[in-house]
Each structure stands twice: as structure tokens, then as C-alpha cells.
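Subject: Structure for you to look at

Hello,

Here is the structure I said I would pass on. Please open it first and then read the notes below it.

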Amino acid sequence: MPLDSIPHNFLTGRLEDLVRWARRHSVWPATFGLACCAIEMMAAGGAHYDIARYGMEVFRPSPRQADLMVVAGRLSQKMAPVLRQVYDQMVEPKWVISMGVCASTGGMFNNYALVQGVDQIVPVDVYVPGCPPHPETFLQGILTVHEQIRTGELLRRREERGGGAGIHIEETHVPA
């Protein structure tokens, strides 16, 4: 009887699956709120949306304690080196969510002072659309990261592309 035919349980589970489960349920975000999108990100941490149910109730004050960077808002050329330094100080494996149209593409601010997409500075894994994106859309981005961690897809895509996974999600809004 080959080992592949044995159903996995607590005793016969693979260590890799256990590590993915632990990573998925303990993603610690480092916030990089730069503009109005940061208000929506903070709203997702409030009681109404409660990202604590995903194990992310505390935004980490230090990049050395975080493994998910949420870039919310427009990024200036002056702030870009700071963003990169924070990203470099984060623990591996690390993931990046680009929140809002300004962080993803520069938005309506097409000028010399702003970076036209944070993917020019750090590799982005998930793009959350909107101006500003609703907390529901941000939560969908978090769930996308969680699913990609569970399947190991993010790390595979990074190896193939040499950077972020570049996953785009659709904007969602639940009427109040």
C-alpha cells in the first residue's frame, strides 16, 4: 500500500501543510498608510468588520514583527526609499497588498512627485482596487492572500515571476 493512499490526519499530515496552516492563521500586518485608503484599512480593523477573526487584530509597529505589508494610498518619491527599507526589514516569507488605485497605479496623480505603482519599489502580491476601496474589498484581498498561502501559490508565483504574485481582485461592496 503506497503512502499517498493513506488519508492525512494529525499524525500523518505533512509538515509543510502544518506550516502553511500556521502561517495562514497568524499573518501579522505592518501598516503603511499613506493617504485616504488608510482610513478604510483602519475601519476594517474596527468592530464592524473585525479582521481579528483572521488572526490579524494588531497592526505591528515594527517591520521585524510583521509578514504582510499593506500599502494604502499614494506613494511619493520621497517616501519610496522608506517603504523599501521597511519591506527589507520584514521577516521571510513576506507578502504585500497594494490597497487602492493610487498605490497600484498612481491613480489620478500622474506627476513627477508620485510613484506610479508601488510594484516599482516592492513586489506586490495582491492588488485591491477602489478609490478608496471599501473595507469589504480589503477583506477580500486578505482572504486572497490567505488562500494563496494555504495552497503555496504565492511562493510559486514569486519564483516564476521573480517578484510579487500580482493577483488582481474585483471590487466588492456589501450594501449597509
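D88 and R84 both sit in helix α3 (residues 80-89), 4 residues apart, or about one turn of the helix. Helices here are DSSP runs of H or I with at least four residues, strands are runs of E with at least two, and both are numbered from the N terminus. The model is predicted, so local features need pLDDT of at least 70 and side-chain atom pairs count only at pLDDT 80 or more, while totals for chains, interfaces and linings use all residues. Residues are numbered from 1 along each chain as its sequence is written, and side-chain values use heavy atoms, with hydrogens and water left out.

D88 and R84 form a salt bridge, with 3.0 Å between the closest N and O atoms. The term means a side-chain nitrogen of Lys or Arg within 4 Å of a carboxyl oxygen of Asp or Glu. D88 counts as partly exposed because its relative accessibility is 45%, and R84 counts as partly exposed at 32%. The cut-offs are under 20% relative accessible area for buried, over 50% for exposed, and partly exposed in between (1.4 Å probe, protein chains only).

**The other salt bridges**

How many salt bridges does the structure hold? It holds 3. One of them joins the side chains of E92 and K94, at 3.6 Å from N to O. E92 is exposed, with a relative accessible area of 60%, whereas K94 is buried, at 5%.

E147 also forms a salt bridge, with R150, and the closest N and O atoms are 2.5 Å apart. These two residues are 3 apart in helix α5 (residues 135-151), so about one helical turn separates E147 and R150. An α-helix has 3.6 residues a turn, so residues three or four places apart point the same way. E147 is partly exposed, with a relative accessible area of 32%, and R150 is partly exposed at 39%.

**Helix α5 as a whole**

α5 has 17 residues and reaches 24 Å from its first C-alpha to its last, close to the 24 Å expected at 1.5 Å a residue. The expected span is 1.5 Å times one less than the number of residues. The helix is mostly covered, as 12 of its 17 residues are buried. Among them are F138, L139, I142, V145 and I149. After α5 comes G152, which has a positive phi near 80°.

**Backbone points to check**

Most residues other than glycine have a negative phi, and most peptide bonds are trans. Which peptide bond has omega near -10°? The bond from E92 to P93 does, and it is cis. P93 is in the loop between α3 and β3 (95-99). A cis peptide bond also joins C131 and P132, with omega about -20°. P132 lies in the loop between β4 (126-128) and α5.

D50 is not a glycine, yet it has a positive phi of about 50°. D50 is in the loop between α2 (37-44) and β2 (68-72), and counts as partly exposed at 31% relative accessibility.

**Strands β1 and β2**

Strand β1 (residues 29-33) and β2 run parallel and are joined by 5 bridges. Two strands pair if DSSP finds at least two bridges between them. P29 has L68 as its bridge partner in β2. From β1 the chain crosses through α2 to β2, and this β-α-β crossover is left-handed. A right-handed crossover is one where, with the strands pointing away from the viewer, the path from the first strand over the helix to the second runs clockwise.

Regards
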